[in-house]
Amino acid sequence: MSESDAELSGLVLQGGGALGSYQAGAYEALHAAGQTIDWVAAISIGAINGAIICGNPPERRVERLARFWREASSLITAAPINDEELFVQLFDETSAAITAGCGAPGFFRPRVPPPLPGFRHAPESLSVYDTAPLRETLLSLVDFDLLNSGATRYSIGSVNVRTGNFHYFDTARERIGPEHVMASGALPPGLPMIEIAGERYWDGGLVSNTPLQYVLDYERPRRDLLLFQLDLFSARGELPRTMLEVASREKDIRYSSRTRMNTDLMRRLHELSAAIARLGPKAPKELREDPDWRILHEAAREYTTTIVHLIHRPAPSEGPAKDFEFSRYTMERHWEDGRRDVETTLSHPDWLGRPHPPGGMVTLDLTKDGVPRSRADVVSARGAGA
């Protein structure tokens with residue numbers, strides 16, 4: 001099999017602040033299982049994790065991820081006095097309040113004095129926190145020459161502050177530096193907009209927190225594709241019972257970014273493509289020579305897509321501040337959740353026996369609160385669903 005025919009594997013990384021250590025733990029398990037990664041597409045904290053992955057040789061990636069997360073969580077290294085839900089919730093909210101007041105080491109620090117509401121300030125100063133520490137961290141942990149070498153493709157999403165348009169920076173087209181990574185994670189009003197080539201950018205999560213559509217629709221390679229999608233917010237959850245749970249649930253829905261809608265849309269496109277492929281032999285010669293038919297015929301040449309969906313599912317104690325709760329205790333908890341979810345998935349019968357329908361699409365979501373489950377949807381080139 002030639003390289004152009006081989007399955008291309010990728011990571012799709014959501015944004016989610018302090019929840020991002022889930023992605024680091026998941027990558028550790030993928031690396032331990034020998035899974036290669038050809039492409040990382042990411043938003044916000046996913047862009048930081050992705051830069052560390054793409055900007056280091058495989059044997060150093062986990063260690064560099066651990067260094068970033070240890071530094072970011074070094075301000076609060078204590079743990080709750082016991083594991084009861086109430087004590088953990090109080091610990092998480094207190095930890096988040098400390099982070100809000102003091103920042104996260106190696107990531108962001110409070111501006112002193114902060115910008116005054118209603119007064120004009122320089123664009124780079126219009127934020128509660130300063131991200132200069134993040135730039136230094138990236139320069140120390142990421143080899144940007146390696147990141148831009150093409151060894152692993154790296155694509156990160158931001159939004160242009162002036163136009164409001166979504167924009168992807170991609171090593172397939174341009175050289176990426178620390179400022180591009182910072183721009184992808186510049187969530188206002190907490191973090192400042194970043195200037196790149198005369199334009200200023202904010203966090204891509206303002207438009208879409210999941211880069212799945214970019215990979216499947218806009219930049220789809222002409223190869224079989226295996227994607228590990230690591231989501232930090234779960235679209236599905238329990239009905240809220242308190243105002244804290246209302247705020248947390250609202251954040252989950254807002255930042256889950258319609259992941260299932262995107263996969264359902266792609267499934268329908270696969271069905272359409274399969275129908276065109278079946279219709280081709282029945283079309284008369286004069287129609288097959290028509291330029292419009294050639295466009296349809298090209299669209300019908302689909303490859304197999306497998307999406308392995310791994311979702312951080314919050315513990316009952318996690319409240320609305322979970323994405324800026326940077327304690328060591330919580331970081332390690334999320335890291336372990338990501339590692340365990342990947343190990344569960346890669347040992348699941350549906351993964352081990354995953355189908356490869358020609359021109360089809362398979363979605364695997366095999367974990368829920370540590371309990372294996374199967375949600376494998378298959379659309380084959382023959383148009384049959386399972």
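Student: In this predicted model, what is the handedness of the crossing of α1 and α13?

Tutor: The model is predicted. Helix α1 covers residues 21-32 and helix α13 covers residues 328-346. Their axes come within 6 Å. The crossing of this pair is right-handed.

Student: Are α1 and α13 parallel, perpendicular or oblique to each other?

Tutor: The two axes cross at roughly 40°. Angles under 35 degrees would count as roughly parallel, and 65 to 115 as roughly perpendicular.

Student: How many Å apart in space are Ala 26 and Asp 341, C-alpha to C-alpha?

Tutor: Ala 26 is found in helix α1. In sequence, Ala 26 and Asp 341 are 315 residues apart. In space, their C-alpha atoms are separated by 7.1 Å.

Student: Is Ala 26 buried or exposed?

Tutor: Buried means under 20% relative accessible area. Ala 26 has a relative accessibility of 1%. Ala 26 therefore counts as buried.

Student: How does α2 lie to α3: parallel, perpendicular or oblique?

Tutor: Helix α2 is residues 45-54, and helix α3 is residues 58-72. Their axes are 8 Å apart and the packing angle is about 140°. Roughly antiparallel would need an angle over 145 degrees. That makes the arrangement of α2 and α3 oblique.

Student: Is the crossing of α2 and α3 left-handed or right-handed?

Tutor: These helices pack with their axes 8 Å apart. Where α2 passes α3, the crossing is right-handed.

Student: How many salt bridges does a search of the whole structure find?

Tutor: Side chains of opposite charge can pair when their charged atoms come close. Here a salt bridge needs a side-chain nitrogen of Lys or Arg within 4 Å of a carboxyl oxygen of Asp or Glu. For the whole structure, the search gives 20.

Student: How many residues apart in sequence are the parts tied together by Asp 92 and Arg 333?

Tutor: Asp 92 and Arg 333 form a salt bridge, with their closest N and O atoms 3.5 Å apart. Asp 92 lies in helix α4 and Arg 333 in helix α13, so the sequence separation of the tied parts is 241 residues.

Student: What are the relative accessible areas of Asp 92 and Arg 333?

Tutor: The cut-off for buried is under 20%. Both residues are buried. The value for Asp 92 is 4%, and that for Arg 333 is 17%.

Student: Where does Arg 162, the salt-bridge partner of Glu 199, lie?

Tutor: The closest N and O atoms of Glu 199 and Arg 162 are 2.7 Å apart. Glu 199 is in strand β8, 37 residues from its partner. Arg 162 sits in the loop between β5 and β6.

Student: Is Arg 162 buried or exposed?

Tutor: Exposed means over 50% relative accessible area. Arg 162 has 62%, so Arg 162 counts as exposed.

Student: Which residue does Arg 241 meet in a salt bridge?

Tutor: Arg 241 is exposed, at 67% relative accessible area. The N to O distance is 2.7 Å, and the partner is Glu 245.

Student: Which residues make the nonpolar surface patch of about 420 Å²?

Tutor: One member, Leu 86, lies in helix α4, residues 85-102. Leu 86 is exposed, at 53% relative accessible area. The patch is made by Ile 81, Leu 86, Phe 87 and Leu 90.

Technical notes. Residues are numbered from 1 along each chain as its sequence is written. This is a predicted model: local features need pLDDT of at least 70, side-chain atom pairs count only at pLDDT 80 or more; totals for chains, interfaces and linings use all residues. Side-chain values use heavy atoms; hydrogens and water are left out. Patches are made of residues with over 30% relative accessible area and no salt bridge: like charges are joined within 9 Å, nonpolar side chains (Val, Leu, Ile, Met, Phe, Trp, Tyr) within 5 Å. Accessible areas come from the Shrake-Rupley method with a 1.4 Å probe; for residues, only the protein chains shown count as cover. Helices (H or I, at least four residues) and strands (E, at least two) are DSSP runs, numbered from the N terminus. Buried means under 20% relative accessible area, exposed over 50%, partly exposed in between (1.4 Å probe, protein chains only). Axes are lines fitted to C-alpha atoms, for helices over the stretch in contact, and angles run from 0 to 180 degrees between N-to-C directions. A crossing is left-handed if the near helix is turned anticlockwise from the far one by less than a right angle, and right-handed if clockwise.
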